[in-house]
Amino acid sequence: MMKDMFDLSGKIALVTGASRGIGESIARTLAARGAHVIVSSRKADACEAVVNAITAAGGKAEARACHIGEMAQIDALFADIIAAHGRLDILVNNAATNPHFGHITDTDVGAFQKTVDVNIRGYFFMCSAGAKLMAKNGGGSIINVASVNGVIPGALQGIYSITKAAVIAMTKSFAQECAAMGVRVNALLPGATDTKFASALFHNPVILEKALTRIPMKRIAEPEEMAGTVLYLASSASSYTTGACINVDGGYLVS
């Protein structure tokens, strides 16, 4: 019988920003394929709600609160994972922030620092801790959720776009240096997606109409449409794939 390349049975997966939106869809999808999913975000109760939904569907999951903008919380999260499981096979860095929507020159130092702390520093040290732990158990897969804004900056989203460009470069750097450790590092670049995170953009009819003119498929994505690419990158189906940055954007970057 042919092996199911997308079977994640026995794998331990950590998904950040998993209490809603794209992260929640990813967590549910990995659990449906057999992974034990650590559902993480800043608020424990929101994580528990996702865990309850996963377990009700027959999956395995647990909640771990963590604000990746706080180094002490990253350290505590990995200490908990080591104590509970002793390993990590899949890491999905999805948690992000975008506190400033406006002209780039109006970005104040607070918004700048918060965005950098979460979207760059947080991702970097999550990747570093994840790769080290994975290497101790034969390797694993890290998937960073970047954005098409890292390739073409989003209007009035300057600092966010800058940090997402950094995530793309970070993904390639970690992929290059961690391959010998058995750790693959890839990125998902979502396009316009209907999430609470992006609601300020796509629930505005004027902004939505303008966005759709740039998207060949003429619609925005549902969060579930991002999860399949992450499943591919997390699974043995992508065993020879590292350093890839995959656009899931309805054709936006080729239009």
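Strand E5 and strand E6, residues 183-190, pair in the parallel sense over six bridges. Two strands count as paired if DSSP finds at least two bridges between them. Strands (E, at least two residues) and helices (H or I, at least four) are DSSP runs, numbered from the N terminus. Within this pairing, serine 141 has arginine 184 of E6 as its bridge partner.

Please keep in mind that this is a predicted model: local features need pLDDT of at least 70, side-chain atom pairs count only at pLDDT 80 or more, and totals for chains, interfaces and linings use all residues. Residues are numbered from 1 along each chain as its sequence is written, and side-chain values use heavy atoms, with hydrogens and water left out.

Let us turn to the other neighbour of E5 in this account. Strand E4, residues 90-93, runs parallel to E5, and four bridges join the two. Asparagine 93 has asparagine 144 in E5 as its bridge partner.

How are these strands connected? E4, helix H4 (residues 109-135) and E5 make a right-handed β-α-β unit. E5, helix H5 (residues 158-178) and E6 also make a right-handed β-α-β unit. A crossover is right-handed if, with the strands pointing away from the viewer, the path from the first strand over the helix to the second runs clockwise.

Is strand E5 mostly covered or mostly open? E5 spans residues 140-145 and is mostly covered, as six of its six residues are buried. Buried means under 20% relative accessible area, exposed means over 50%, and partly exposed lies in between, with a 1.4 Å probe and protein chains only. In a regular strand the side chains alternate between the two faces of the sheet. On one side of E5, Gly140, Ile142 and Asn144 are buried, and on the other, Ser141, Ile143 and Val145 are buried. Serine 147 lies in the loop between E5 and H5, and with a relative accessible area of 6% this serine is buried.

A search of the whole structure finds two aromatic pairs. Rings of Phe, Tyr and Trp (its six-membered ring) pair if their centres lie within 6.5 Å; planes under 30 degrees apart count as stacked, over 60 as edge-to-face and the rest as tilted. The rings of phenylalanine 124 and phenylalanine 125 have centres 5.0 Å apart and planes at 70°, so this pair is edge-to-face. For phenylalanine 124 and phenylalanine 174, the ring centres are 5.2 Å apart and the planes stand at 65°, so that pair is edge-to-face.

Why does the pair of phenylalanine 124 and phenylalanine 174 tie together parts that are 50 residues apart in sequence? Phenylalanine 124 lies in helix H4, whereas phenylalanine 174 lies in helix H5. As for accessibility, phenylalanine 124 is partly exposed at 37%, phenylalanine 125 is partly exposed at 34%, and phenylalanine 174 is buried at 11%.

Finally, I mention a cysteine. Cysteine 47 lies in helix H2, residues 44-56, and counts as buried at 0% relative accessibility. The C-alpha atoms of cysteine 47 and valine 248 are separated by 25 Å, and these residues are 201 residues apart along the chain.
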